[in-house]
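Hi everyone, thanks for making time. I'd like to walk you through the side-chain packing of one chain, so please have a look at the slide.

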Amino acid sequence: MSGRAVVTGIGVVAPSGIGADAHWATVTARERRTGPITLFDPAGYPTRVGGEVPGFEATAWVEQRRLVQTDRWTHLGFAATRLALADAGLPERAPDPYGYAVTLASSSGGNLFGQRELQRLWGGTSRTVGAYQSIAWFYAASVGQLSIHHQFKGPCGVLVAEAAGGLDSLAHAVRTIRRGTPVVIAGATECPLSPYALACQLRSGLLSDVSDPRRAYRPFDRDAQGYVPAEGGAVFVVEELGHAVSRGARIYGEVTGWAATHDAAPTRPDAAEATHYARAMWQALERAGVDPSEVDVVFPDALGVPAHDRAEADALRSVFGDRPPPVSTQKPLTGRAHQGGSALDVATALLAFAHDTLPASAGPDDPAEGCELDFLREHRTPRHRVALVAARGFDGFNTALVVRGAAPRPRRPAEA
């Protein structure tokens, strides 16, 4: 085995749409998909705007007996995995079960399922919870259910680092491949839209309370007031290069470098945050063998909280100097899906290289003081086919990932 890990399948289930093509169309059109939360009644909460997956019907993706055992966050994972496997041209049941692994990220677990059962416990006459409460809310539920359903019996695991986890899962997938497992399902989905989950996020003080979806989430902008929560994410088929080539698989790109650091302190927008975050970026570039000048685009964390946005801009300047590469964020279009959001950024990066187009950033309209980065204002053709994706998790997690895109497929006459 070469030890090189490439992405051969992308499955997107996000506010931007179901499927990679739908997501890419939303990104290139810069179409905002956040709006009033409908998964529950948010009246009485200061935050009432979020990003929901449009038209998602779990019954189309999950068999009935697993549907009742699992939460919507896992349902989204089932859909994204099936899409990724189909995109990679792999069967839904592994021909070699021990040659396939699942390593996803998780953050808040099965919120809607847990909310329903706890309300029944404390508000119902039975004072009980259902038999599946013990497994449906658990942060490793999606990994376990996917492993069982698809018969992927290789080394499986779950990464927990809030938004940074979506990148950590891909890094762990590469390590798993280097240890001898040829195919790994990686990435993340999320569903933080329940009364309990929203209350937990409000406690952080980082959520936006702006009621206008067009203005609620504006990272790096003078009007930034916090983020809006979102569900969904992306799942990938990560494959050993030789394995992918031997079966003639389409290759989107290669995961060439990654690094993770920790602030060793609760989330706070100060010089330490910028320093540790920048160190993760430096190490990821060094491990990838990439000079900062070769980076075509950066997909940032883009929290949308002014002080944290400035810290992120400081981190980028410390890595790239006064002329950082173009920065592009699509999170204002979808909302912040925690670990699912960083995985979605990786999907955007790989699709950008597949389409030979770096997508314009969805903002800011008026960069805040200290956030004057080179935001990509128009679509652009990549030069080196290298992207840096960065994410921060609450309470000090920082991760950066470098992906190098494969050459785009020649366009057919109808596409020209």
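This is a predicted model: local features need pLDDT of at least 70, side-chain atom pairs count only at pLDDT 80 or more; totals for chains, interfaces and linings use all residues.

Residues are numbered from 1 along each chain as its sequence is written, and side-chain values use heavy atoms, with hydrogens and water left out.

Let's start inside. By a nonpolar core I mean a set of buried Ala, Val, Leu, Ile, Met, Phe, Trp, Tyr and Cys residues joined through side-chain atoms within 4.5 Å. Buried is under 20% relative accessible area, exposed is over 50%, and partly exposed is in between, using a 1.4 Å probe and protein chains only. The largest such core has 45 residues, and Ile-10, Phe-236, Val-238, Val-346 and Val-403 have the most contacts inside it. Which helix gives the largest share of this core? That's H13, residues 339-354, with 10 residues; helices (H or I, at least four residues) and strands (E, at least two) are DSSP runs numbered from the N terminus.

Now the rings. Rings of Phe, Tyr and Trp (its six-membered ring) pair if their centres lie within 6.5 Å; planes under 30 degrees apart are stacked, over 60 edge-to-face, and the rest tilted. That rule gives six aromatic pairs. Tyr-100 and Phe-152 are stacked, because their centres are 5.0 Å apart and their planes at 20°. Tyr-100 belongs to strand S5, and Phe-152, 52 residues away, to the loop between H6 and S6. Phe-152 is buried at 0% relative accessible area, and Tyr-100 is buried at 5%.

Last, the charges. A salt bridge here is a side-chain nitrogen of Lys or Arg within 4 Å of a carboxyl oxygen of Asp or Glu, and the structure holds 22 of them. Please look at Arg-336, which bridges to Asp-301 at 3.3 Å, N to O. Are these two partners buried or exposed? Both Arg-336 and Asp-301 are buried.
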